[in-house]
Amino acid sequence: MKLEKRSPFIQVRNTTEHYRQSQHYKKGEVISAYGFLTPAVILALLFIVLPIILAFTYGFTDYYLLKPNDKHFNGLDNFKQMLSDDVLKQSFLNTIKFVVLVVPLQLSMALGLALIANKKIRGVGVFRTAYFSPAVLSLVVISILWTVMLNPTSGLINEILSNLGIGKQPFLSSASQAMYTIVFISAWSGCGYQMMIFLAGLKNIDHQMYEAAEIDGANPFQKFFYITLPSLKPITMFLVITTTIQAFKLIVQPMVMTGGGPDYSTMTILQYIYEYGFRHRNIGYACAITLMFTLFLVILSIGIKKLFREENVA
Amino acid sequence: MRKVFLFMTIVALALSLIGCKSKGASSNEKIVIWTQASADHPEGKMFADRVKSYNEKHPSGPKVEIQNITRAGAGSGYIDKLNAAITANNMPDIFTLDGPDIAAYADSGLLGELDDYMSDGFKDGFTKAIVEQGTVKGKFYGMGYSDSGVAVMYNEDMINALPKDVKALIPAADQDWTWDQFLTLTRKIDEFAKTTNNPAFANYEAAVSTLLTDVASGVYETGTYYFTPLLWGNNTNIVGKDGVTVDGVLNSEKSVEALTKFAQLFKEPALASVSESEKAFHSGKTALSVSGFWYVNELTNNYPDLKFRTVRYPKMNKDFDGLYTPSGSWAFVRNGQEEDEKRAKKVVEVMEWLNNDEASKEYYHKNGSIPTRVNSISEIDTKTDNKYHNEAWTVLKYQVENTNKARPVSPGYPYLSETFAKDILLKIAQNKVTDSATIKKYTDDAVKKIDKEFEKYRK
């Protein structure tokens, strides 16, 4: 019982260590292993490590995209500029707002759908497929479809609202509604994938626990809060981490649907970095923002990981 | 089995290393052209035909090769690849650039000037606006292969349903009119639309289509292209003549006055919407449209039932007698890092082939591109069977010959254009701001941002 509570990663690590200690590799095997590793290592160096090093370096320069051979070290100028950049501040707050809203919403929707999909009722396969389908669609396609449906004058959603006696809403063209609209669309498009993961978790819960609870007179809510939710804790933690990190990478939806507007209300950090780097060609400043944002994400990841470990210990 | 794995590893490694070593976009044996037009688009096809004919007529010279790198909405994709090529010192011999981008690339030393290499009198063959668009600090860098234009179109069925006194507000196709007259007409149309049961107004959404939806979704240049001319028509601009001074220009009294008049479109009940339906004018949802020249082919080919009439782009101030209508488009430029004079001469010879009178005529017939050569403008056919087509092209032709003005030449144009469209035009439209005090604040805020960004160009 104790073993089941431990992280699967710990088990893998222990198995690897045990294997390493018990095996003695032949020279040929070692060469083969390095041979297999080399392409991946080269690719990782080229496309992950090198860009990180370059971004770090460029963050301290005045690198202008059209003058790649004319870069000058400018100390902390880019970082000082960040302090007085109001749009950057707003983009950061928008990103935080998105993460804070979308993670609980998306996971709640995913769990709700998984609970329904877990029922042995007719047509549940269709339901499961229908809710999973947005996960296989391109985010660009989803964003365009929703933009058309949310058109304030002729969109499907507003037609429905009008027929229900509710006034037409501006949605994406309103600074006060645009971000909430993007949160909802993002949660809708992402929850199908997480529904499948929750569903796998639900299938693994020992049914005898529910039977025992029923014998003890537990009602459905008690079964949900005392059996289902605790049993899904490792999966939930995993989904919280992955969804949070994914949410910080928000760029496609605002880029396609609002261009970061109205009035910068949906501008996110990644979009701002892209705009500064490629549209305004100010790579130095974009790299400086990237550095600071990466640092923020590293600290956040460490925090979440620590929390995750504490949860496991508990 | 192990040998197989080892072999595969070595192959993978070799491929990785080959991938790292890129071949230059240009080589001595051929002249490479990059264009943003996709190969299956009429524009891409017309370039391919032109290059083919060059190769056929010059069998002994370097072979010219065209590569199509399709762009997304605002030029990204193509521009990203171009910027990557700049970073890698791997630029093609000739490439296309949007007119307003020429200054930034020239300022960075990436473009080669053309004056010293062109045939005598070749530059004079271009229209004034195209020469202005391609000239940076007195040197000519970009040969525009196509001009553009914006006019006002109206739905004839809807206008015919209006009371006579309102209908009389529509100018003739050969008459100038002012933004105030345009606003009065628009307001009257909206008032009528909300009280009539006339079937022509059955789908009515707003009085005028402005394509600000494109601006809202990130294609900022559309806003600048469409509405900077309102400032020009009031004898002001979004940037000074030096291309880097905005304070006292963008936030000047005249600019604020022009923008305040633009803002009246959004005074409740609004006459235009920042979230208008897709193809609103095409499908009878607006009576008027501020329309780009591409509308003519689009409407005649795909909306044959729409009776569209065309009148000139309105002037902000009736007493203004300078150039004030939108113009400009993509142009061919050459790699400025070419040091071989002989090769540079050959490259410019190819550019001339792509932009001469004959090419300009071909482009008009194959893609409806407005000719950029003075001698080819007459090629615009205004005597077809389609009277709507004829009227639209008559208006556009007049503007090309008489009133078209190039967008500002500024090394920081992308930022300037984006800030103008996003922080002024879009804010006015989305917040429905119509008072000059708030608009003045918008312009002052934008000036502060642009000024800060432009510091690097003043060094």
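**View 1. Four strands of chain B form an open sheet in the order S8-S9-S7-S10.** The pairing in this sheet is mixed. The model shown here and in the other views is predicted. Strand S8 (206-209) and strand S10 (308-311) of chain B stand at the edges; each has a single partner strand, so one side of each is left without a neighbour in the sheet. On average, and with direction ignored, neighbouring strands of the sheet are turned by 25° against each other.

**View 2. Strand S7 (residues 150-155) of chain B pairs with S10(B).** Strands of a sheet pair through backbone hydrogen bonds, in either a parallel or an antiparallel manner. The sense between S7(B) and S10(B) is antiparallel, and the pairing runs over 4 bridges. Within S10(B), Phe308(B) is the bridge partner of Asn155(B).

**View 3. Helix H8 (residues 179-193) and helix H15 (residues 387-402) of chain B pack on the sheet.** H8 of chain B touches S7, S8 and strand S9 (286-292) of chain B. The direction of H8 makes about 140° with that of S8(B). H15 of chain B touches S7 and S10 of chain B, and the direction of H15 makes about 15° with that of S10(B).

**View 4. Helix H16 (residues 413-431) of chain B packs with helix H17 (residues 436-453) of chain B.** The angle between the two is about 160°, and their axes are 10 Å apart. An angle over 145 degrees counts as roughly antiparallel, so H16(B) is roughly antiparallel to H17(B). Their crossing is right-handed. Residues of H16(B) in the contact include Tyr415(B), Leu416(B), Phe420(B) and Ile424(B); H17(B) contributes, among them, Ile439(B), Tyr442(B), Ala446(B) and Ile450(B). Charged residues also take part, including Asp423(B) and Lys427(B) of H16(B) and Asp445(B), Lys449(B) and Glu453(B) of H17(B). By class, the contact has 9 nonpolar, 2 polar and 5 charged residues.

**View 5. Domain 1 of chain B is in contact with domain 2 of chain B.** The domain assignment gives domain 1 as 30-145 + 330-368 and domain 2 as 150-326 + 406-458 of chain B. Taken over C-alpha atoms, the centres of the two domains are separated by 31 Å. The contact involves 14 residues of domain 1 and 15 residues of domain 2. On the side of domain 1 that touches domain 2, helix H4 (102-107), helix H5 (128-134) and strand S4 (135-136) of chain B each supply at least two residues. This side of domain 1 has 6 nonpolar, 5 polar and 3 charged residues.

Key:
Residues are numbered from 1 along each chain as its sequence is written. Chains are lettered from A and ligands numbered from 1 in the order in which they are written. This is a predicted model: local features need pLDDT of at least 70, side-chain atom pairs count only at pLDDT 80 or more; totals for chains, interfaces and linings use all residues. Axes are lines fitted to C-alpha atoms, for helices over the stretch in contact, and angles run from 0 to 180 degrees between N-to-C directions. Angles under 35 degrees count as roughly parallel, over 145 as roughly antiparallel, 65 to 115 as roughly perpendicular and the rest as oblique. A crossing is left-handed if the near helix is turned anticlockwise from the far one by less than a right angle, and right-handed if clockwise. Two residues are in contact if their C-beta atoms, placed from the backbone, lie within 7 Å. Domain bounds come from an automatic or database domain assignment. Two strands pair if DSSP finds at least two bridges between them.
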